[in-house]
2 protein chains.
Amino acid sequence: MKKLDSTVLARRANQIKEELRQKLRKPYKQVIDLYSADTHTAGVKPLSFVRQVLAACLYPDLVKSNTLPVDVRQRAQSLLGECAGGSVGSYTATAGIPEIVHRISEFITKRDGGAPSDPENIYISPGSQWSLRNILKVLVNSQASPRTGVLTPWPCYPITNFTIKELGGVTVPYYLSEEQGWELQVEELHRALDSAKGLCNPVTLYVINPGNPAGYVQSRKTMQEVIRFASEKRLSLLADEVYQECVHGEKSEFLSYKRVLSEMGPPLSDTVELASFHSASKGFMGECGLRGGYVELVNLDPDVMKCIYKLFSTDSCAPVLSQIALDLMTNPPQPGDPSYPLYSEETQHIKTMMVHNVKRVFEVLNSLPGFSCQPVEGGGFAFPRLHLPPKAIQKAKEMEMKPDLFYCMRLLEEAGVLVQPGMENGPKEGTHHIRFCIITPEDTMEEMLSRLSSFHTQFMKDFS
Amino acid sequence: MKKLDSTVLARRANQIKEELRQKLRKPYKQVIDLYSADTHTAGVKPLSFVRQVLAACLYPDLVKSNTLPVDVRQRAQSLLGECAGGSVGSYTATAGIPEIVHRISEFITKRDGGAPSDPENIYISPGSQWSLRNILKVLVNSQASPRTGVLTPWPCYPITNFTIKELGGVTVPYYLSEEQGWELQVEELHRALDSAKGLCNPVTLYVINPGNPAGYVQSRKTMQEVIRFASEKRLSLLADEVYQECVHGEKSEFLSYKRVLSEMGPPLSDTVELASFHSASKGFMGECGLRGGYVELVNLDPDVMKCIYKLFSTDSCAPVLSQIALDLMTNPPQPGDPSYPLYSEETQHIKTMMVHNVKRVFEVLNSLPGFSCQPVEGGGFAFPRLHLPPKAIQKAKEMEMKPDLFYCMRLLEEAGVLVQPGMENGPKEGTHHIRFCIITPEDTMEEMLSRLSSFHTQFMKDFS
Ligand SMILES: Cc1ncc(COP(=O)(O)O)c(C=O)c1O
Ligand SMILES: Cc1ncc(COP(=O)(O)O)c(C=O)c1O
C-alpha cells in the first residue's frame with residue numbers, strides 16, 4: 001500500500017489558510033504553524049541589531065544618516081570595507097570573506113575555552129545543510145559496493161537522511177533512548193554498527209547536539225565515549241551543532257565536539273576527523289531565510305581538504321548577507337556598545353520564552369492521557385510520544401495514512417494547529433510521535449497547548 | 001609537467017593589493033580587477049531602487065519612516081506580506097515564494113511575446129549556477145558506461161565544465177567560430193557530436209547566449225538550427241541566458257530559447273526539452289553577492305520534474321533576499337512610479353557605459369600588433385586573441401606556465417591589471433586569449449586600456 005506522505009499536511013494547511021482568508025467558518029481564526037523550527041514564522045521578532053546592520057550594508061546611505069545607532073553604522077562601514085568594491089553585491093572568496101572567516105575562527109576558539117581553530121578549516125555556505133551535503137559527498141562513495149553507511153540518530157533531522165540516500169549512501173539508525181530523556185548510549189552505537197555488517201560499509205557518525213527533534217543535550221562524558229567509539233571504529237564524526245544557543249535545562253550546558261575532542265588531548269585530538277556545523281537559522285537570530293551556515297573541519301587529510309575546496313568553489317560563494325549574519329551572530333554587541341541594551345533585552349526575552357515554553361509543554365502534555373513527553377533540555381522542538389488507541393490506528397490504515405500523520409491531519413483540520421508527524425524523522429515501527437517548534441511567543445504556545453489539549457481529549461474519546 | 005593554474009594570479013593580486021596598502025612602490029597606485037563579470041567589484045554602483053527595497057524588507061522600520069520613496073515602501077510592505085510571519089528570515093517553499101515565482105513567470109511571458117510560461121516549471125536558487133548543477137545532476141548518470149556527454153561551447157564559462165566533470169560526465173567541446181565573431185555554427189555541432197562516438201553518450205547541449213566569454217548574440221536563425229539539431233539528435237537544451245540584459249551591438253537583439261522554441265510551433269515546441277537560466281548577478285543589477293538565479297523547465301517528463309523537486313528541496317529554499325532581488329529585476333519600477341526617473345537614469349548610464357567600453361576595446365586592441373579582437377555584441381566580457389611571439393611561449397614553458405597565464409601574470413605584476421587567461425575557458429591548443437569584464441566605469445576602462453597598451457607594446461618588444 002502506498003502511504004500518503006506529510007506533504008498532504010502542508011498542502012492542506014495552505015488551503016485552510018486560504019479558506020480563512022475567504023472567511024469560511026472554522027472553529028479557529030488562524031492556523032498556528034509550528035511545523036519547522038522557523039522562529040519568525042512562529043512569531044518571534046528578528047533581532048534589531050542584526051537587521052539594522054544588514055540594512056545599512058545593503059543601503060549605505062543609512063551609514064551616513066543618523067536613523068541607526070552609531071555602532072550599527074560603524075559595523076556596517078567596516079564590513080563594507082571588507083567587501084570587494086565596497087559592495088555586498090560582489091562575489092567573495094569561496095570560503096567566505098577572509099576577515100569574517102577569521103572572526104568566526106576567533107569566536108570558536110573563545111567558545112571552546114581556547115582550543116585552537118584555524119580559519120583555513122572553515123567554510124561558509126548558504127545554510128549549514130548545504131555544507132553538510134558537500135562533506136557527505138566526499139564521504140559517500142556512490143559507486144561503492146557494499147554501499148557507504150552513515151550512522152544517524154533516530155529520531156533524526158529528516159533532510160540529512162534524505163541527503164545520504166540521494167548521494168547513494170545507506171543510513172544506519174542508532175536509537176536514542178526515549179526513556180532516558182533521549183540520551184545517546186554508546187552500547188546502542190555498537191549495536192547499530194554491528195547491524196550494518198554485510199549490508200554496508202559505515203564510514204561516519206552523524207550526531208545532532210543539542211538534539212533535533214529529541215531535546216537532549218549531550219554531556220562531556222557521553223561525547224568522550226562517542227569520540228572514543230569513533231576513533232576505535234575508524235569513523236569520522238559529523239557534529240550538527242546548529243542549536244548550540246538553545247539550551248533550556250538548568251543543568252545542561254552546550255559543549256562542542258571540537259572542544260571535547262581537543263581537551264581529550266593526543267592521540268585522539270590529532271586523529272579523529274571531525275566536521276562541525278553551525279547556522280544563522282537557529283538560536284536567537286532565527287534567520288533561516290538568509291541561508292547562512294558554516295562548517296569547521298578538523299584533522300582532515302590535505303587531499304580531502306583540496307577536494308572540499310573544489311566542491312565549495314562550484315557555487316562561487318555563500319550569499320554575502322548570510323556571511324555577514326554569521327559575523328553578527330558570532331560577534332554580537334558587547335556591554336558598553338550603544339546597541340547592547342536592546343540586543344541583550346531581545347535575546348534575554350527569547351531565552352525566557354524558550355524556558356517558559358518547554359516547562360509548559362512538559363506539564364500540559366504529561367497531564368493528558370495518551371501523551372508522554374520527555375523534558376526538553378535543548379534545541380528547538382518538543383517530540384512527545386503519542387499512545388494511540390487501536391481504533392485510531394485502524395482508521396488511519398483505512399485512510400492510507402500512518403497513524404501519526406492521521407493524527408496531525410485531524411489536529412490541523414479541527415484545531416488549526418500544524419505540527420509534524422514523527423514518521424518524518426525516520427522510521428521506528430510501533431511508536432508514534434509529533435514534533436513541534438517551541439521557539440514561539442508564550443501566548444502562541446499557550447493557545448496551541450489549549451487547542452491541542454481539547455482536540456486530543458476529544459480524539460481519544462472518539463477512538464476509545 | 002604540472003602546470004601552474006590561474007589561482008596563482010588571484011593569490012598574487014591579493015599580495016600586490018597588500019603591498020600597495022603598505023605603500024610599497026609600484027608603477028601603479030591600484031590594481032584594476034576585471035577578472036570576473038562582477039560589476040560592483042569593477043566599480044559599477046548598485047541600483048538604488050533594488051537596494052532600498054531590500055533594506056526596507058530587512059528592517060521594516062524603514063517602511064514606516066519617510067527616508068525612502070513611497071513606491072519603495074509599498075513594494076517592501078507587499079513583499080513582506082508574502083513572507084511567512086512577515087519576515088525575510090523565514091524559510092519559503094522549495095521553488096521560492098509562490099507570488100514571486102508567479103510574477104517571474106509573467107515577466108517571461110511578456111518578454112517572450114506571449115509564449116506561455118507555467119509557474120510550476122520555475123525554481124529559484126542561490127545563483128543560477130546552482131540550478132544548472134541540479135539539472136545536470138539529473139541528466140548526468142555518474143555510473144553510466146560509456147559516460148554521459150554534454151556538448152559545451154569553446155570558449156565556455158569554466159565552472160560549467162568543471163561541474164560536468166565533477167558529476168562524472170564528459171564535456172564534448174564545440175568550437176565557436178572566432179573569425180565569424182564567435183558565431184555558433186551548426187556544422188560544428190555535428191562535428192562535435194560525431195567526435196563523441198564511442199567515447200561517451202551525449203544527452204544534452206549547453207549554450208550560452210549572449211556569450212561568455214565570447215560576446216556573440218545568437219540570431220533567431222541560429223537558434224532555430226540549434227533547436228532542430230537538438231530535436232533530431234534527441235538532446236535536451238540548457239540555455240544559459242544570464243546576460244540577457246547585456247546586448248551592445250546595434251543590430252543584435254536578445255531572443256530567449258524558450259521564445260524561439262515556442263514560436264517554432266508543434267511538434268518541436270511540444271517535445272524539445274529545455275532548461276533556461278537567468279540570474280540577478282549580471283545585467284544592470286550585478287548583484288552576484290546576493291546569489292539569486294532561477295531556471296525555467298520546458299517539456300520535461302513529470303517523473304523527472306518530481307526528481308528535480310526533491311533535489312531542490314534538500315536545500316530548503318533560496319535566500320529570501322535573492323528571491324526578492326529576482327522579483328525586482330523582473331518587475332522594475334514603471335513610468336509614473338516615484339522611483340522610475342532615478343532607476344531609468346541609472347540603468348541608462350550602465351547601458352551607455354557598456355556600449356562605450358566595447359567600442360573602445362575594439363578600437364584600441366585592434367590597433368595593437370599581436371592582438372585581435374572580435375566585436376563584443378553582448379555579454380559581460382571581451383575575449384581578444386593574443387598572437388604571442390615564440391620567445392614568450394618559450395619563456396612561459398620555462399616558468400611552467402601556459403603562455404596566456406604567463407602574459408596575465410606579467411600584466412598584473414607590471415601594470416596592476418588583473419584579467420583572466422583564456423586557458424581557464426576550456427582547452428584549445430595553439431590559440432591564446434585573455435578575458436576581461438567590460439562592465440566598468442568608462443574611466444576605469446580607459447585607464448585599463450592605457451596600461452594594457454603600454455605593457456603590451458613593451459612585452460612584444462621584450463620577446464621579439
Ligand atoms: C539539526 C538541523 N541541522 C541543520 C538544519 C538546517 O539549517 P540551515 O538552515 O543552516 O541549513 C536544521 C534546520 O532545521 C536542523 O534542525
Ligand atoms: C555564463 C554564466 N552563467 C552563469 C554564471 C553564474 O551566475 P550566478 O551568479 O547566477 O550563479 C555566470 C557568472 O559569471 C556566467 O558568466
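**Exercise 1.** How far is an oxygen atom of ligand 2 from an N or O atom in the side chain of Asn212(B)? Describe the site around ligand 2.

*Solution.* The model is predicted, with local features needing pLDDT of at least 70, side-chain atom pairs counting only at pLDDT 80 or more, and totals for chains, interfaces and linings using all residues. Residues are numbered from 1 along each chain as its sequence is written, chains are lettered from A and ligands numbered from 1 in the order in which they are written, and side-chain values use heavy atoms, leaving out hydrogens and water.

Step 1. The distance is 2.5 Å for Asn212(B), a polar contact (a pair of N or O atoms within 3.5 Å; within protein, one must be able to donate a hydrogen and the other to accept it, and residues adjacent in sequence count only if both atoms are side-chain atoms).

Step 2. Oxygen atoms of ligand 2 also lie 2.6 Å from a polar side-chain atom of Ser281(B) and 2.7 Å from a side-chain N or O atom of Arg291(B). On its own ligand 2 exposes 400 Å², of which the protein buries 98% (Shrake-Rupley method, 1.4 Å probe; for residues, only the protein chains shown count as cover).

Step 3. There are 14 residues around ligand 2 (a heavy atom within 4 Å). Chains A and B both supply residues, so the site is shared between chains.

Step 4. The shell of ligand 2 holds five nonpolar, six polar and three charged residues (nonpolar: Ala, Val, Leu, Ile, Met, Phe, Trp, Tyr, Cys and Pro; charged: Asp, Glu, Lys and Arg; polar: the others, Gly among them).

**Exercise 2.** Which residues come nearest to ligand 1?

*Solution.* Step 1. Of 14 residues around ligand 1, the nearest are Ser128(A), Asn212(A), Asp240(A), Ser279(A) and Ser281(A).

Step 2. Oxygen atoms of ligand 1 lie 2.7 Å from a polar backbone atom of Ser128(A) and 2.6 Å from a side-chain N or O atom of Ser279(A).

Step 3. Residues of chains A and B surround ligand 1, so this site is shared between chains.

**Exercise 3.** At roughly what angle do the axes of α2(B) and α4(B) cross?

*Solution.* Step 1. In chain B, the axes of α2 (residues 48–58) and α4 (residues 70–82) cross at roughly 50 degrees and come within 9 Å. Axes are lines fitted to C-alpha atoms, for helices over the stretch in contact, with angles from 0 to 180 degrees between N-to-C directions; helices are DSSP runs (H or I, at least four residues), numbered from the N terminus.

Step 2. The angle makes α2(B) oblique to α4(B) (under 35 degrees is roughly parallel, over 145 roughly antiparallel, 65 to 115 roughly perpendicular, the rest oblique).

Methods: Helix = DSSP H or I, 4+ residues; strand = E, 2+ residues; numbered from the N terminus.
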